[in-house]
Amino acid sequence: MESAPTIWTTAQLALQKKLDRDSYERYLAGVNALAFDESKDVFTLGVLNDFSGLWLESNYKDVLEEVLRDVLGRRITIKFEVDGRLEDVAAGAATGSIIDGVGGEPENGDAAAEPVPRCRYRPDFTFDTFVVGSSNRIPYAAAQAVCKNPGKAYNPMFIYGGVGLGKTHLLQAIANEVAARRKRAKIEFLTSEEFVNLYVEAIQTKTLPSFRRHFRSLEILLIDDVQFFEGKVGSSEEFFHTFNTLHNAHKQIILASDRTPQEISGLEQRLVSRFDCGLSAETLPPDLEMRVAILKKKQETQTIKFPDEILFLIANRITSNIRTLESALTRLIMNVSAFGSELNLEMAEELLRDKFENETAKPLSVDAIQRRVAEYHDIRFADMTSKKRPQNIAVPRMVAMYIARKLTDMSLPAIGDSFNRNHATIIHAVATIDKRMAADENFRHNVNVLMRQLRS
Ligand code: ADP
Ligand code: MG
């Protein structure tokens with residue numbers, strides 16, 4: 001009889017024909033043949049970890065048994081066992097499990113051509129490649145603290161902020177760092193969407209016990225894009241129990257979302273209050289200096305380097321999303337490497353015209369700010385410009401002034417005009433709101449919610 005590895009090699013060839021290349025590469029290429037017990041007709045495959053076994057069991061068992069039956073000419077049963085040797089192979093990229101990572105989320109435009117990484121962790125999303133500035137200092141520091149002291153420093157840690165501002169990067173950096181420090185740490189990184197899908201699968205395939213065992217025995221659980229739990233009652237419930245089990249055992253939970261827990265409508269209240277009991281930190285849009293620093297950092301790994309004037313052109317025009325900032329640079333690099341020409345400012349401007357136009361499509365108007373703030377506080381739009389001074393109007397009005405100052409490029413006198421006031425009133429309002437935000441967490445939260453809604 002042929003050996004298990006030889007049989008497996010033949011089976012792999014058949015699998016490659018049956019499955020699309022991506023699924024094969026992702027889920028089956030790394031599987032080993034461990035043993036073939038002829039007396040019982042059991043074929044044992046070696047997998048990276050429990051989770052891989054679970055995944056293969058629920059998704060690929062039938063096709064695997066079918067293929068092996070063809071190869072061997074009789075019905076066989078498949079078993080999965082964790083093969084320690086696989087960990088060493090995967091450890092280079094700190095692979096925690098086999099489902100493709102969130103970090104590989106497809107981007108629009110030029111970066112779409114990048115190959116989908118096979119491992120869950122993006123090796124390039126580390127603390128080293130993360131530029132720190134005033135807009136992300138707090139989430140960065142918290143992420144570092146969590147790495148040093150998982151389960152003890154801040155638990156759970158909740159990172160929120162707009163699209164493309166480094167949430168996934170930070171989560172990945174934590175996973176990479178912990179995996180590098182302790183090779184065998186039980187870490188799982190996935191999006192809430194993946195969690196929901198796995199949960200549904202586990203129900204369908206009657207494998208809930210192993211699903212639970214897996215998630216409830218982790219040391220570190222990182223869940224990205226938590227907002228996807230919105231309205232998913234069954235899986236949120238399951239996650240709630242996972243959360244409690246881990247939290248009670250002082251295991252670290254790290255969550256990221258484009259909104260605060262309170263803003264995720266349809267998220268169960270008890271889950272919201274769980275999320276709330278740790279540390280929340282926001283990733284804000286970077287200022288100009290930091291945008292330039294990010295472009296320079298990105299250039300470090302490239303052979304093509306652009307002069308500062310081109311970097312400043314990009315950084316000046318793309319302000320709200322670091323992903324867009326990077327993809328603008330990538331486009332210029334690809335262009336130069338394809339055509340080998342020197343790039344001047346005009347050419348760069350022309351090449352990036354669509355990206356610039358997208359950015360400037362809707363500059364935020366004071367009018368929009370006044371409307372949104374009035375609506376939020378349930379006062380009349382006209383009260384924003386009126387001379388009335390009761391507290392319930394005066395405070396929201398100052399909030400609108402504050403936001404206008406922070407989120408538009410308008411001058412103080414121009415903002416003053418929009419409120420039917422002078423520039424000194426605006427300065428006073430900004431100082432008052434700043435002070436109150438520093439002193440009152442609830443107030444700060446409300447203002448931040450408004451700012452985030454207006455920015456997006
Ligand atoms: P989010 O998850 O918040 O939508 P990502 O973490 O996916 O955003 O970040 C989008 C892109 O911007 C990634 O390529 C990431 O590496 C990059 N990026 C974000 N923040 C930073 C930063 N502070 N320094 C360097 N690169 C960053
Ligand atoms: Mg993300």
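Student: How many aromatic pairs does the structure hold?

Tutor: There are 15 aromatic pairs in this predicted model.

Student: Take Phe130 and Tyr140. Why is that pair called stacked?

Tutor: The planes of the two rings, Phe130 and Tyr140, are at 0°, and their centres are 6.0 Å apart, so the pair counts as stacked. The cut-off for stacked is planes under 30 degrees apart.

Student: And where do Phe130 and Tyr140 lie?

Tutor: Phe130 is in the loop between helix 4 (84-91) and helix 5 (137-148), while Tyr140 is in helix 5, so the pair ties together parts that are ten residues apart in sequence.

Student: Are Phe130 and Tyr140 buried or exposed?

Tutor: Both Phe130 and Tyr140 are buried.

Student: Which residues form the aromatic cluster?

Tutor: One cluster is made up of Phe158, Tyr160, Phe195, Tyr199, Phe211, Phe215, Phe229, Phe239, Phe243 and Phe275.

Student: Charges next. What sits over the ring of Phe240?

Tutor: The charged end of Arg270 does, 4.0 Å from the centre of the Phe240 ring. In another case, Arg371 has its charged end over the ring of Phe381, 4.0 Å from the centre.

Student: OK, salt bridges. How many does the structure hold?

Tutor: The structure has 21 salt bridges. One of them joins the side chains of Glu238 and Arg212, at 2.8 Å from N to O. Glu238 lies in helix 9 (residues 233-248) and Arg212 in helix 8 (residues 208-216), so this pair ties together parts that are 26 residues apart in sequence.

Student: Glu238 and Arg212: buried or partly exposed?

Tutor: Glu238 has 3% relative accessibility, so Glu238 counts as buried. Arg212, at 30% relative accessibility, counts as partly exposed.

Student: What about Lys296, which residue does its side chain meet in a salt bridge?

Tutor: Lys296 meets Asp308, at 3.4 Å from N to O. Lys296 is in helix 11 (residues 288-300) and Asp308 in helix 12 (residues 308-317), so the pair ties together parts that are twelve residues apart in sequence. Lys296 is partly exposed at 35% relative accessibility, and Asp308 is partly exposed with a relative accessible area of 40%.

Student: Which residues do salt bridges with shared partners join into one network?

Tutor: That network consists of Glu57, Lys61 and Glu65. Within it, the side chains of Lys61 and Glu65 meet at 3.7 Å, N to O.

Student: How are Lys61 and Glu65 placed in helix 3?

Tutor: Lys61 and Glu65 are four residues apart in helix 3 (residues 50-72), so about one helical turn separates them. Both Lys61 and Glu65 are buried.

Key:
Residues are numbered from 1 along each chain as its sequence is written. Chains are lettered from A and ligands numbered from 1 in the order in which they are written. This is a predicted model: local features need pLDDT of at least 70, side-chain atom pairs count only at pLDDT 80 or more; totals for chains, interfaces and linings use all residues. Side-chain values use heavy atoms; hydrogens and water are left out. Rings of Phe, Tyr and Trp (its six-membered ring) pair if their centres lie within 6.5 Å; planes under 30 degrees apart count as stacked, over 60 as edge-to-face and the rest as tilted. Helices (H or I, at least four residues) and strands (E, at least two) are DSSP runs, numbered from the N terminus. Buried means under 20% relative accessible area, exposed over 50%, partly exposed in between (1.4 Å probe, protein chains only). A charge sits over a ring if NZ of Lys or CZ of Arg is within 6 Å of the ring centre and within 35 degrees of the ring normal. A salt bridge is a side-chain nitrogen of Lys or Arg within 4 Å of a carboxyl oxygen of Asp or Glu.
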